[in-house]
Amino acid sequence: MDEIASSDKEIKDLDEESIWNLIESQRHIITNNVRPCHITPFLRQCHVIGETDEEEILFAPHLKHRCMRTGHMLDLLRMRGRKGGVAFLESLAFYNPEIYTLITGKEPTKDCSSILVEKGNLNLIQFLMNEVMKAQKWLGEEKCIKHRLNEKVQSMEEQNQQLKTELKSLKGAELNLSRMKMDWNRHHDEMIRLKEENYQILMRYTNTLQEKEMSVTRSRELQQQVDNLIMENKKLIVEFDVERRMSSKLREAFKPKQDELLHLKEEIDKLRFRIQELQMTPVTIDILEQHRVEAQEERQDLMKEMSSLRLELDQAERLRNEYLDEKENMLMECATLKIDCDMYKDKISSLQSQVLELQKERDEAYGARDEAQLRISKMIIDKDLCRRQVIELQDMCRQLNKEMLQLKSNKDRQEKMATGNKTPQREKPKLKRLQAVNPRAISCDSDDSSSSQSDFYTNLKKTESCESLSSVSSSFVEPPSKESIYRRRNEDDMEKSFRPFLPGPPQAKSMSRTCLFEFNGDGILDQIEVIGGNSTGIFIHKIKPASPAYNSGLEPGFQIMMVEFNSREQTRTILEEASLEEAVWNLKQIKGMCCLAIRRNREAYQTLVENIEKKIVTSGDSFYIRVNVTFDKDSGALGEFIVQCNEILHVTDTMHRDSSEWKTFRVHPHTMTDMDGGSIPNYYRAQQLLIGTIQNMTRQIPLLKKQNRKSSSSSQNKLVRIVSTDKSQKNPLWLSFDCGTIDPDKEQGNQSVGNCFTLMPYSLVRPCHPPSLRPVIIAPTRIGKVVLEKLKDLPEYEKCKSECLNNTEYAEKNRKGEILGVQEAQNFLRSCYTREGVETVVAKNVHCLLELGLDCVKWLHKVEIYPIVIVIRLCEKNIKKIKKILQKYGVTEDLLMECSRREETLLDTLPCLYKCIPDSWSDLDSLVTAVKAAIKDEQKKIVWIEQAPL
């Protein structure tokens, strides 16, 4: 008791400053370990805080966690002075004795002297009883809460069972949906067939309409000619009648009449009688003589008049004869025209009868089209109903998934509350094959089923959008458009080469230079032996006698152009440019009846056989690849042939030694000739080795981080180049099927054709020979700017000038594809490199210097500009040597290192090779010299362009 009293006396004798110095020295430990809810009742009984202070400490919204509440409580007690400090220490002695010992260095007494001073022993007992009752009450409430939670967990488990049953029902609905989809596909095929029939009917109808229009126009022209001839004939007839009337009148006018002749004879007789009477007298003779002279004159006048009338009569007769001849000619022409008119009338009547028949056929076709349209509309309505059902099922599935997630979260929360606040230590994450490796290997839980249903719905939308683009294969009622008809005509030859399998005996159908052979293809590689490759074609080399292939008529030397067979579904594979490994794999998949499209190409086959016998080649394969992973003795190299990442290899045999090996040769960088060679793993095996290399690299990440602290990039050879392609696209080295990488040594039945790796161990490349000096891009761009400033003063280099464009000019040139890269942008202006500027500099036979990043290389390749990419390796040692020069350009060491690390990640995305400058340079002049030598060396090399994945 004396020791306890002495220890209390020592603490109570301390002044306010020393007490709070002791407390503040351990403030961090106090705020982390002391719970304010435990000691606030004690402090309230000591009258250092009130009820409002206690509520503020425990329930203030701005105090978000326990440490903040403890700190705020210490601030309030500091305001109470020495009394607050002593009361706080006593509360620690009562509730947290270890912290009290840590602060004071003494054992706690737990005598509650502060409460005794304030209230005495009775009040202390009363206070302790109240605290015990509160604890009992809190314990009872906790038991009630635990009981309610247990009941809730049981109800949740029942709901979980119900959800499982609903999930089973949803799976059944999904099966119904798949069956409905198959029915829909069948109806869709029938609709396409009806549309094709409608298209043929429409083509026949359009042809008949054109013929009808041509016949109508021809008949109209003939009718017009007949009408013109009839009008001319009528005119000639009228004129002939007029002339005939005139000639008859003239003839009647010149013909003398009998009465006049008799009258003239009587007058002559009278005149003779008078002459006889008057002959005797001279007077009468003179009178008669005078009358005679007068009569002679009158007679002469009459004779002249008669001669003129005779001339007119002769002329009229001549005209009459001419008109008669013309009449006969016109009659003959009219007869011929009548014959032609009768003939054209017969033709028109026959054409009209044909048109009537075509109209009847058209009406029947319209009726059939209307019926087809009604069926199609019903199919579309059924498809819409199926789509609505799919949407409803998806909504139900999402709702169930949401409820299951809530149940799981509630269950996890209850488990956490039951097990306490102890959290298990997180395990080190392992390298997993996610969507970049195996995108469809997903567990079939409820979440994944909902995602698969959503993917199916999106794919359904995509197919609908594709159908809306092409009216040939669309599901709409309208007839096909002109574009689809034109495309149908262009694709007619290809469609003719594919035909469905028909039961019956083996048969061969001639298709120009290609023939189709149909036979039983079970174990086809036991029936035939193939040779060749992508550069020569796939040829039949040997045929087993009495086999189905032999009985179908196949012979050695036939080139296989296409394979068609039914495995799970009808499959067509074109082998005209396929590699030998690809062709063998496709032939292994044949089960049952198959159809081979064969071309006779005896000369190419004999040349290939001779080359193989002379050991010039081992197969017909020939293509170039860029290796994306290093193969050494530790990472799966075959034999002593070690291949580094980014090397160019010439593949000459994809079935080397009949195993999963490729025979390759290194390529000379200047002449493209084959050098030393060996075997490498095939595409599938190389992918497995690539994944293993990546897993080994992930285990060495801490070591790589330590190395990156010293230098921005490793001076060692690159082990892996990460290149991937879309999972829905084809393998870039296999062109005949729509899946990704498949093990060629295994059968398709043991694999899921849709599951594919997207990591590419090899990239297909092609050579390119630029005709002029190539542009230069230096990375990192921060130090590349400094090197380009040094190079631009040399005669064989020239810096490309940038153009300052506003937004409209930039948009116009960017639309035309003339913008190669943006140097900088300020407000509404952009400083850009254009294609015209680069071509202007290259035309001067100098290297064009470009201040562009590595992300612009792909766009330069698209416009057929192949730059030299120089990558400068950096380390802290050589960066310090050019520190002053970098400061002139506003570049710091940290900024340069960050730029180097950022741009080094873009090296894997480059579609071409690049040249690395090692970090052995000492100053800027030696760096410029090394860059010049690298540019000169790269200019001599062949440019290998990586082909985009198909």
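The expected span of a helix is taken here as 1.5 Å times one less than its number of residues, where helices (H or I, at least four residues) and strands (E, at least two) are DSSP runs numbered from the N terminus. The model is predicted, so that local features need pLDDT of at least 70 and side-chain atom pairs count only at pLDDT 80 or more, whereas totals for chains, interfaces and linings use all residues. Residues are numbered from 1 along each chain as its sequence is written, and side-chain values use heavy atoms, with hydrogens and water left out.

For helix α29, the 17 residues should span 24 Å at 1.5 Å a residue, which agrees with the 25 Å between its end C-alpha atoms. The buried residues of α29 (under 20% relative accessible area, with exposed meaning over 50% and partly exposed in between, for a 1.4 Å probe and protein chains only) are Leu924, Leu927, Val928, Val931, Ala934, Ile935 and Glu938. Seen down the helix axis, these buried residues fall within an arc of 125 degrees, so they line one face of α29; the arc is that of the directions from the helix axis to the C-beta atoms. On the other side of α29, Asp925, Thr929, Lys936 and Lys940 are exposed.

Helix α29, residues 924-940, lies across β13, β14, β18, β19 and β20, contact being heavy atoms within 4.5 Å. These strands form an open sheet in the order β14-β18-β13-β19-β20, with parallel pairing, and two strands pair if DSSP finds at least two bridges between them. At the edges, β14 (797-799) and β20 (915-917) each pair on one side only. Strand β13 (residues 776-779) is joined to the parallel strand β18 (residues 847-850) by two bridges, and isoleucine 777 stands opposite leucine 850 in β18.

Definitions and conventions: Axes are lines fitted to C-alpha atoms, for helices over the stretch in contact, and angles run from 0 to 180 degrees between N-to-C directions.
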